[in-house]
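Please walk through this fold from its strands to its cores and charged pairs. The report below takes each topic in turn.

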Amino acid sequence: MTSSSVDVLVIGGGQAGLAAGYYLRRAKADFVILDAQDTAGGAWQHAWPSLRLFSPAQYSSLPGRMMPPPPGGGYPSAAHTVAYLREYEQRYQLLIIRPARVRAVRRGIDRLTVETDAGTWQARTVISATGTWWRPYVPYYPGIRDFRGRQLHTADYRGPQSFHGRRVVIVGGANSAAQILAEVSTVAETTWVTLRPPRLLPDEVDGRVLFELATRRYQAARTGQNAPSVADLGDIVAVPPVRDARDRGALKAEPMFARITPHGVAWRDGTELACDVIVWCTGFRPALGHLAPLGLRGSDGLIPTEGTRALGEPRLHLLGYGDWTGPASATLIGVSRTARDMVAEITAQR
């Protein structure tokens, strides 16, 4: 195994890693990006084909390069986003080594040691930008292991083809659940269950408005003020397939069930529903296993930070995990601002 040294090492070659790479390159930093994937495109290359972004292309772009509009207009697809990310890293000639799977990050005397299946690296600063896609979350319910049908998570979903004529329960009250329900309900008998009644955003609200809200919250936070939250408006962006499902009455949600039976689900009042498939659209958790040797996690499972910098290890920054590490930083357009501020902080310390 080889050993190499670099000033800044970025873990993850998805949208957050590329945004970091853009600003590091502009700052003429000595850096490298390690990506566990075989090809460019980050987690988008693993999403289901019909997935649509919540914003037009011009509001779904990384720094320096606008995403071109998709053929025919409308909201970009997952495949269009993958093509954009591939072109982006080529355009800026970012040094990305793949596949390079990071196993562990450990403390050294004046550097952090990054162990991978492609060798060991020493870095003055490490930026973790691994996202959440690789840690799908499925909550525990009594009987979950006894169900005789099929269970899958959003991360496993590839389209409605295998659901024809089936009875499908879709769990979750956010965007993925609504988009998957919208297309599965065209070929199967669907039941939507949520912890609380889902709230669709007004039809005119999409990623443009959400980004403006996030910007206001970002600016307000810097001055110690309050600003409206996206949650004040609703939970689900009414992209065209979701509007269609709403208009044909497919978006009626039931309360969350209490347990799972061998042949379906059951509520506390004794009501049971037979089903063939349960789709868990229940979100993701930050993929931070590679940072475990640093012992930084708090009681909530997250790493305490000031901005993107880990409080317990100032040589480590975390980027793109959501509002926890920067307002809207889990989005294509939102990660740019956080990446810019992070790289400015890193380079100012040199």
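## Terms and model

Two strands pair if DSSP finds at least two bridges between them. Strands (E, at least two residues) and helices (H or I, at least four) are DSSP runs, numbered from the N terminus.

This is a predicted model: local features need pLDDT of at least 70, side-chain atom pairs count only at pLDDT 80 or more, and totals for chains, interfaces and linings use all residues. Residues are numbered from 1 along each chain as its sequence is written, and side-chain values use heavy atoms, with hydrogens and water left out.

In strand 6, Thr120 is the bridge partner of Glu115. Strand 6 covers residues 119–128 and pairs with strand 5 in the antiparallel sense, over five bridges. The two form a hairpin with two residues between them.

A hairpin of four residues joins strand 4 to strand 5. Four of the five residues of strand 5 (residues 112–116) are buried, so this strand is largely enclosed by the rest of the structure. Buried means under 20% relative accessible area, exposed means over 50%, and partly exposed lies in between (1.4 Å probe, protein chains only).

Five strands form an open sheet with parallel pairing, in the order 7-14-8-9-10. Strand 7 (150–153) and strand 10 (253–255) are the edge strands, and each pairs on one side only. From one strand to the next, the twist averages 25 degrees.

Within this sheet, strand 8 (residues 167–171) and strand 9 (residues 189–194) run parallel and are joined by five bridges. Arg167 stands opposite Glu189 in strand 9. Helix 3 (residues 175–184) lies across both strand 8 and strand 9, running at about 165 degrees to strand 8. Axes are lines fitted to C-alpha atoms, for helices over the stretch in contact, and angles run from 0 to 180 degrees between N-to-C directions. Contact means heavy atoms within 4.5 Å.

## A buried threonine

Thr154 sits in the loop between strand 7 and strand 8. Its relative accessible area is 2%, so Thr154 is buried. Beyond neighbours within four places in sequence, Thr154 is in contact with Trp48, Trp133, Ser176, Ile180, Trp280, Cys281, Thr282 and Phe284.

## Nonpolar cores

A nonpolar core is a set of buried Ala, Val, Leu, Ile, Met, Phe, Trp, Tyr and Cys residues joined through side-chain atoms within 4.5 Å. The largest has 63 residues, of which Leu62, Ile127, Phe163 and Ile170 touch the most other members. Helix 1 (residues 15–26) gives this core its largest share, seven residues. A second, separate core has 22 residues, including Leu9, Val126, Leu288 and Ile303. In soluble globular proteins, nonpolar side chains tend to be buried together.

Ile170 is worth a look. Leaving aside neighbours within four places in sequence, its contacts are Ala177, Ile180, Leu181, Val184, Thr191, Trp192, Val193, Val279 and Cys281.

## Salt bridges

A salt bridge is a side-chain nitrogen of Lys or Arg within 4 Å of a carboxyl oxygen of Asp or Glu. The whole structure holds 17 salt bridges. Side chains of opposite charge can pair when their charged atoms come close.

One of these pairs is Arg107 and Glu313, with the closest N and O atoms 3.0 Å apart. This pair links distant parts of the chain: Arg107 is in strand 4 (residues 102–107) and Glu313 is in strand 17 (residues 313–318), 206 residues apart. Arg107 is partly exposed, at 42% relative accessible area. Glu313 is buried, at 4%.

Glu306 and Arg309 form another, with the closest N and O atoms 3.1 Å apart. Here Glu306 is partly exposed at 49% relative accessibility, while Arg309 counts as buried at 18%. Arg340 and Asp341 also form a salt bridge, with the closest N and O atoms 3.2 Å apart. Asp341 is partly exposed, at 31% relative accessible area, and Arg340 is partly exposed at 37%. Salt bridges that share partners also join Asp35, Glu89 and Arg98 into one network.
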